[in-house]
Amino acid sequence: MSRKRWHSVKEIRIADVARLAGVSTATVSRVLSEPGKVRQKTHDLVMEAVRRSGYIPDSTARKLRTRRTMTVLVVAPRLTNPVFAEILRGVDDELTQSGYGIIIGNLDNRREREARYVDLALSRQVDGVLLLTGYIPADGTRDMREAGLPIVALCAAIEDDAIPSVVVQDREASRRAVEYLAELGHRRFGYISGTPGSIIEHERFRGFCEGIAAAGFRQDEIVRWEGPFVFATGVAAAESFLAMKDRPTGIFAACDESAIGFIKRVRAERIRVPQDVSVIGFDGIEFADYTVPTLTTFRQPLHELGCVGADVLMKLIRGEMRAGDWNVRLPLTLLERDTTGPVLHKDYTSLRRSAM
């Protein structure tokens, strides 16, 4: 019995793709390694030839030629936060178009975790870094800047002129929140903070105070509750609110999670939202669409934020721009829903434990 002879499938080479597309091998190489530098028509023509031929690029050889890892590191404070999840989806969508992979560094709000990602950058295992932290990760003696890699601050700006930022208009939105509540007749205000010391919290509270001043109110008319960007911060704020003699009627929470935690707790004590207290959140997370009542909030363009941040980083990696040439501040959208309404009590002394 004769043995079957196995024949290997013919290896598809880059020259075969070039012949099929009717272009040079150099053009094919450029499309595969630097797609942003070729015309869209040429890109589509070559990629169709790649698909039809079944050509698989030799990514290892390409990495050696370009001295690139084709990987980006993204460092986030807490992946369970739905804001970061949606931003990361935008980052990944944009990086995929450039042939890049992604390494996600989850700090889980623990600074001791930073060292592993600092080592990753210093050992040049990635081509660039996207930071959602608002600061430069360090391991005690070194920080990530020493790697000499392109870095982009995403979601939270970093006080370093060499690091471009892609953020939203936090301050303007917070100022608008006070204006909106004042238009509804509110005169006593509560503010549920985000993580103390973070740049995002600083910007949102600053905008809130600017709104208070612009509306002609005093800073001492603000009740402020501090805590991180989590549901529990809103619950703790609600406990304090319930114990107050003269309660605020207009509440602005620096994140949707805190707003939702606050609403759930006060409604459990038969406080009506918005009849007794109006609440505005910040972020526009999907959960806000399903709360009862639905949450009035400022929606961030989270997917766009991720896409733009990744695009800026790719331009830096390819040498198409300088770090100081790009800082982006995207606008937010106020979604007017069911947790805000006009003040029903004109006599504010009647608000004292009115629903208890």
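## Aromatic pairs

Tyr191 counts as buried because its relative accessibility is 0%, where buried means under 20% relative accessible area with a 1.4 Å probe and protein chains only. This is a predicted model, in which local features need pLDDT of at least 70 and side-chain atom pairs count only at pLDDT 80 or more, whereas totals for chains, interfaces and linings use all residues. Residues are numbered from 1 along each chain as its sequence is written, and side-chain values use heavy atoms, with hydrogens and water left out.

Across the whole structure, a search finds nine aromatic pairs, defined by ring centres within 6.5 Å, with planes under 30 degrees apart counted as stacked, over 60 as edge-to-face and the rest as tilted. Tyr191 and Phe252 form a tilted pair, 6.0 Å centre to centre with 45 degrees between the planes; Tyr191 lies in strand 6 (residues 189–192) and Phe252 in strand 8 (residues 250–253), 61 residues apart, strands being DSSP runs of E with at least two residues, numbered from the N terminus. Phe252 is likewise buried, at 0% relative accessibility.

## Aromatic cluster and a charge

Tyr191, Phe205, Phe208, Phe252, Phe282 and Phe298 form one aromatic cluster. The charged end of Arg224 sits over the ring of Phe205, 4.2 Å from its centre, a placement that requires CZ of Arg or NZ of Lys within 6 Å of the ring centre and within 35 degrees of the ring normal.

Notes:
Helix = DSSP H or I, 4+ residues; strand = E, 2+ residues; numbered from the N terminus. Buried < 20%, exposed > 50% of the residue type's maximum accessible area, 1.4 Å probe, protein only.
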